[in-house]
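Have the structure open while you read them.

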Amino acid sequence: MEGDIVQMGAYIGAGLACMGMGGAAVGVGNVAGNFLSGALRNPSAAAGQTATLFIGIAFAEALGIFSFLVALLLMFAV
Amino acid sequence: MSEAQGEGLVFHPMDQFIVKPLFGDGAVHWYTPTNAALWMAVSVVAIILLLVIGTRGRAVVPSRIQSVAELAYGFIHKMVEDVAGKDGLKFFPYIFTLFLFIVFSNFLGLLPKAFTPTSHIAVTAVLAMLVFVTVTVVGFVKNGAGFLSLFWVSSAPLPLRPVLALIEVISYFVRPVSHSIRLAGNMMAGHAVIKVFAAFAPLILMSGIGIAVTPLSILAITAMYGLEMLVAFIQAYVFTILTCVYLKDALHPHH
Amino acid sequence: MANEHEAANMAHDAGAAAAEAAGHAAESAGMPQLDFSTFGNQIFWLVVTLVVIYWVLSRIALPRIASVLADRQGAISGDLAAAEELKAKAKDAEAAYDKALADARAEAQKIAGEARAEIQAELDAATAKADAEISARAAESEARIGEIRAGAVEAAEVVAKDAAAEIVAALGGKADAKALAAAVSERLKG
């Protein structure tokens with residue numbers, strides 16, 4: 001019985017952790033959207049900033065990956 | 001590994017990441033040739049095919065393979081030069097090695113039945129620690145104690161500086177963690193999601209609802225596969241460019 | 001596809017499959033990424049891989065690609081320099097051509113001018129000569145007209161004298177020839 005409760009908690013936690021991915025999605029969208037609006041205003045400066053764009057996306061996306069990892073850990077490792 | 005069961009679907013999204021010996025079923029010792037070793041070797045062979053065999057013509061007007069090799073060379077060379085500066089070019093072979101290994105592992109891992117070495121935290125942690133150690137050593141060798149000025153943000157107001165220094169130190173030591181987990185997590189996530197969708201695919205053999213679910217899941221696998229192609233490249237790119245950024249911090253620590 | 005076939009088989013043989021899957025699941029519980037027993041193996045092979053790639057790159061591939069790129073750069077910049085040189089040569093040639101053309105034009109102008117001047121001079125000379133001739137002839141004619149006129153006057157005088165003498169004689173007078181001549185001359189003058 002106790003084991004079942006632990007497992008239930010782990011699954012609920014995994015589901016909750018997946019909400020973090022929504023935050024990452026918002027973050028990545030924010031980065032890309034702002035890059036696009038800036039790039040449309042000054043297209044000549046955009047080409048030099050794609051590296052920054054990808055770094056920003058990677059940082060934002062990494063947090064979503066962390067929450068995914070937490071979900072996986074709760075499901076498979078706890 | 002999506003086995004349909006009498007009672008329903010069983011998901012084994014993580015089974016694809018199991019490291020097993022190539023020959024026999026014994027324990028995995030450090031020297032055992034495993035599937036991880038096999039796919040690393042395949043990526044080495046692919047790299048040699050592209051960069052050594054592909055360029056053996058040394059043509060001034062390149063063949064297709066040679067121009068791909070030159071493109072990769074120019075891409076990373078420019079990245080190192082732009083981000084880390086001219087004195088970062090000493091580390092170009094090292095960074096190119098990391099990039100090639102990651103990009104080939106990622107793409108070869110997308111082949112059906114393949115194993116993705118970069119989806120394992122053990123592999124990416126070693127890569128990230130190599131970068132971390134290199135950057136730290138280079139920073140101290142090049143700048144001596146001046147490397148510590150990386151953590152002392154001289155443009156901030158004085159009372160804030162100790163707090164910022166603490167944050168900077170923490171973020172410096174978190175770098176290898178995020179660096180490695182980003183790559184492994186992305187690879188693992190994509191492959192696992194594909195496997196989850198794949199587990200829905202045989203539903204058509206078991207119940208009527210499968211007529212709707214199976215095509216959907218196959219479509220979803222296709223879409224995820226396309227996304228994974230993108231992610232495979234972008235993660236290699238991001239790993240490499242972050243290495244360059246860290247290297248720039250080591251070579252020019254002043255903010 | 002093999003999986004589907006296998007799946008179909010297993011769906012038929014549900015009991016055995018369930019047992020096998022359960023055993024499989026139990027054995028593979030947990031994330032393979034966190035199976036520390038495989039870390040040494042992966043790290044070992046990773047290091048071997050990285051060393052091989054690094055060695056191949058730094059010994060063979062990178063110098064080769066760098067030299068190819070440098071060759072190409074050299075070829076391109078050499079070609080560009082040659083093209084630049086040819087362009088400069090073409091420009092020089094064009095300038096020389098233009099200069100020659102201008103010279104030729106000037107020469108032609110000069111020759112034409114000279115010819116015109118010469119012709120003008122000849123013309124002038126001819127005109128002058130003609131003028132001189134004309135004036136000479138005119139003078140000659142003038143002289144001859146004068147002579148003729150003088151001759152005519154003389155003849156008229158003689159005729160007048162003769163006529164006067166005749167008239168006097170006819171009137172029955174006896175005219176002194178001398179006085180008659182004087183009187184006629186007097187009248188002719190007056």
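The points below go through the chains one by one.

1. A word on ground rules. This is a predicted model, in which local features need pLDDT of at least 70, side-chain atom pairs count only at pLDDT 80 or more, and totals for chains, interfaces and linings use all residues. Residues are numbered from 1 along each chain as its sequence is written, while chains are lettered from A and ligands numbered from 1 in the order in which they are written.

2. Chain A, the transmembrane annotation. An unreviewed UniProt entry marks residues 12–33 and 53–77 of chain A as "transmembrane region"; UniProt positions are in the numbering used here, feature names are shortened, and annotations may be inferred rather than shown by experiment. In the model, residues 12–33 of chain A are 95% helix and 0% strand, with end C-alpha atoms 33 Å apart. Residues 53–77 of chain A are 100% helix, and their end C-alpha atoms lie 34 Å apart. Helices here are DSSP runs (H or I, at least four residues), as are strands (E, at least two), numbered from the N terminus.

3. The contact (C-beta atoms, placed from the backbone, within 7 Å) takes 48 residues from chain B and 42 residues from chain C. On the chain B side, α1(B) gives the largest share, eight residues. That side divides into 35 nonpolar, nine polar and four charged residues. Nonpolar means Ala, Val, Leu, Ile, Met, Phe, Trp, Tyr, Cys and Pro, charged means Asp, Glu, Lys and Arg, and the others, Gly among them, are polar.

4. Two loop residues in chain B. B:R58, in the loop between α1 and α2 of chain B, has a positive phi of about 50 degrees without being a glycine. B:K113, in the loop between α3 and α4 of chain B, is not a glycine either and has a positive phi of about 75 degrees. Most residues other than glycine have a negative phi. B:R58 counts as exposed because it has 12 C-beta neighbours inside 10 Å, and B:K113 does so with 6. The cut-offs, on C-beta atoms placed from the backbone, are 20 or more others within 10 Å for buried, 12 or fewer for exposed, and partly exposed in between.

5. Chain C. There are four helices and zero strands, and buried residues make up 9% of the 190 residues in chain C. One buried residue is the count among the 13 residues of α4(C).

Key: Contact = placed C-beta atoms within 7 Å.
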